Protein chains: 2
Amino acid sequence: MMEALRAHIEKIVSLTDEEFEFVCSHFSSKRFSKHQYIVQDGQFVNYAYFLNEGLVKTFYLDERGKEHILDFAMDGDWITDNQSLYQHKKAEINIYCLKNCETFYISCENIGKLCASLDKMQGYFRKKAVEENIRLQRRILCLLKNNATDRYHDLIKNYPELVRKVPKTLIASYVGVSRETLSRMLVKEV
Amino acid sequence: MMEALRAHIEKIVSLTDEEFEFVCSHFSSKRFSKHQYIVQDGQFVNYAYFLNEGLVKTFYLDERGKEHILDFAMDGDWITDNQSLYQHKKAEINIYCLKNCETFYISCENIGKLCASLDKMQGYFRKKAVEENIRLQRRILCLLKNNATDRYHDLIKNYPELVRKVPKTLIASYVGVSRETLSRMLVKEV
């Protein structure tokens, strides 16, 4: 079952069967149903989750109750609130299942143990953190761009698969326009 | 001269004199004058810079020529465009010196070599990348908050020293309001 995790790790570092078994011993698995929360704001987050299968949205709920979508994640992505996990603060974001999700999760302590005992995994987690930096910076630039059309194009360029999987209403929310405006934008392009 | 870098690294991992000498052999140093660019959009970025002394702003210039401030960095911070450095794409951001800056810089290749030959440095760079993730996520939340007062409070809470060092005009730009609006916000608080 955890072969997908192995394939994912081995895109970055190769592992022997013994090493992979050792890696697995630091993880547990959990399924979440569609509409369940993996992370809720105001709670402490104890794990980083490898999304083996599923689709989630990460969002911030402002004081007026308006939802702002930070990101989506799907098969093969890591999800958590890093600030909560590593600095033991309450989560400020929500991670919500748009489909049934199957996850493998690991505690902050176990990430540390794994990195300390297996250099390859330290390298894996370093490279994943750098990838996350790049993704987050791209999201910041996306938010700063004044033009919704540019934001939409960035999204389809960087995450073509996501645009096919996620409902248009949520894509519109990510881009920061109404569902109707997004439709008009798409019609103009045909 | 590189003792500040050592002190900075040793907040995370301790190094012997020999190890630190080995680390230093992967770095070079460069001074930049006030008003110079360390990174310019459209160029390829070859190095990550440790800012030993100075103050910079990172900004994105939109197609209308409007400047959007992503961040500030000062003594002890790392600066670069990660996407350009690690994925060999052209930089989308600018890093501009607000004061004279003294940097120690390292190439992507040398980061790789250092990580491969010294586990401690792999651990150091992993933890720095995680810190950067947290900082970037905080910036995203800051941008999504509708309220400029909240954004300003986040800034002074997370970077109290920065607010003392950076001109109010730039703080206003970071928060996303005019210099006059920021002044009115500050007057109301007294």
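## Salt bridges overall and how to read the model

Over all chains, the count comes to 20 salt bridges, a salt bridge being a side-chain nitrogen of Lys or Arg within 4 Å of a carboxyl oxygen of Asp or Glu. This is a predicted model, in which local features need pLDDT of at least 70 and side-chain atom pairs count only at pLDDT 80 or more, while totals for chains, interfaces and linings use all residues. Residues are numbered from 1 along each chain as its sequence is written, chains are lettered from A and ligands numbered from 1 in the order in which they are written, and side-chain values use heavy atoms, with hydrogens and water left out.

## Salt bridges within the chains

Let us start with chain B. The side chains of B:Arg31 and B:Glu102 meet in a salt bridge of 3.0 Å, N to O. This pair links distant parts of the chain, with B:Arg31 in strand 1 (residues 28-32) and B:Glu102 in strand 8 (residues 101-107), 71 residues apart. Helices (H or I, at least four residues) and strands (E, at least two) are DSSP runs, numbered from the N terminus. B:Arg31 is exposed at 60% relative accessibility, whereas B:Glu102 is buried at 10%. Here buried means under 20% relative accessible area, exposed over 50%, and partly exposed in between, with a 1.4 Å probe and protein chains only.

B:Arg135 takes part in a salt bridge with B:Asp71 (1.9 Å, N to O). B:Asp71 lies in strand 5 and B:Arg135 in helix 5 of chain B, so this pair ties together parts 64 residues apart in sequence. B:Asp71 is buried, at 9% relative accessible area, and B:Arg135 is partly exposed, at 21%. B:Arg135 also forms a salt bridge with B:Glu132 (2.7 Å, N to O); these two residues are three apart in helix 5 of chain B, about one helical turn. Over in chain A, salt bridges link A:Arg6, A:Glu10 and A:Asp17 in a network.

## How the two chains meet

Now to the interface, where 38 residues of chain B are in contact with 39 residues of chain A, contact meaning heavy atoms within 4.5 Å. The area buried between the chains is about 3,800 Å², with carbon and sulfur atoms giving 61% of it. Buried area is the accessible area (1.4 Å probe) that two parts lose on being put together, summed over both. In chain B, the residues that lose the most area to chain A are B:Arg126, B:Ile140 and B:Leu144, together 17% of what that side buries.

What polar links cross this interface? There are five residue pairs in polar contact between chain B and chain A, both residues at pLDDT 80 or more, and zero salt bridges by the rule used. A polar contact is a pair of N or O atoms within 3.5 Å; within protein, one must be able to donate a hydrogen and the other to accept it, and residues adjacent in sequence count only if both atoms are side-chain atoms.

On the side of chain B that touches chain A, the elements giving two or more residues are strand 5 (67-74), helix 3 (82-87), helix 4 (108-117) and helix 5 (119-144). Helix 5 gives the most, with 18 residues. The residues of this side divide into 15 nonpolar, 10 polar and 13 charged. Ala, Val, Leu, Ile, Met, Phe, Trp, Tyr, Cys and Pro count as nonpolar, Asp, Glu, Lys and Arg as charged, and the others, Gly among them, as polar.

## Symmetry

A rotation of 180° with 0.0 Å of shift along its axis superposes chain B on chain A, with an RMSD of 0.0 Å. That is the relation of a two-fold axis. The superposition is by least squares on the C-alpha atoms of residues with pLDDT of at least 70 in both copies. B:Arg126 is the residue of chain B that comes closest to the rotation axis, at 2.1 Å (C-alpha). Of the interface residues of chain B, 100% are also interface residues in chain A, so the copies meet through the same surface.

## Some residues of chain A

A:Phe125 sits in helix 5 (residues 119-144) of chain A and is buried, at 9% relative accessibility. Apart from neighbours within four places in sequence, A:Phe125 is in contact with A:Trp78, A:Ile111, A:Leu114, A:Cys115 and B:Arg126.

A:Glu102, in strand 8 (residues 101-107) of chain A, is buried at 10% relative accessibility. A polar contact of 2.4 Å joins its side chain to that of A:Asn52.

Two histidines are worth a look too. A:His35 has a positive phi of about 80° although it is not a glycine, and is found in the loop between strand 1 (28-32) and strand 2 (37-39) of chain A. A:His88 has a positive phi of about 50°; A:His88 lies in the loop between helix 3 (82-87) and strand 7 (94-97) of chain A and is exposed, with a relative accessible area of 58%.
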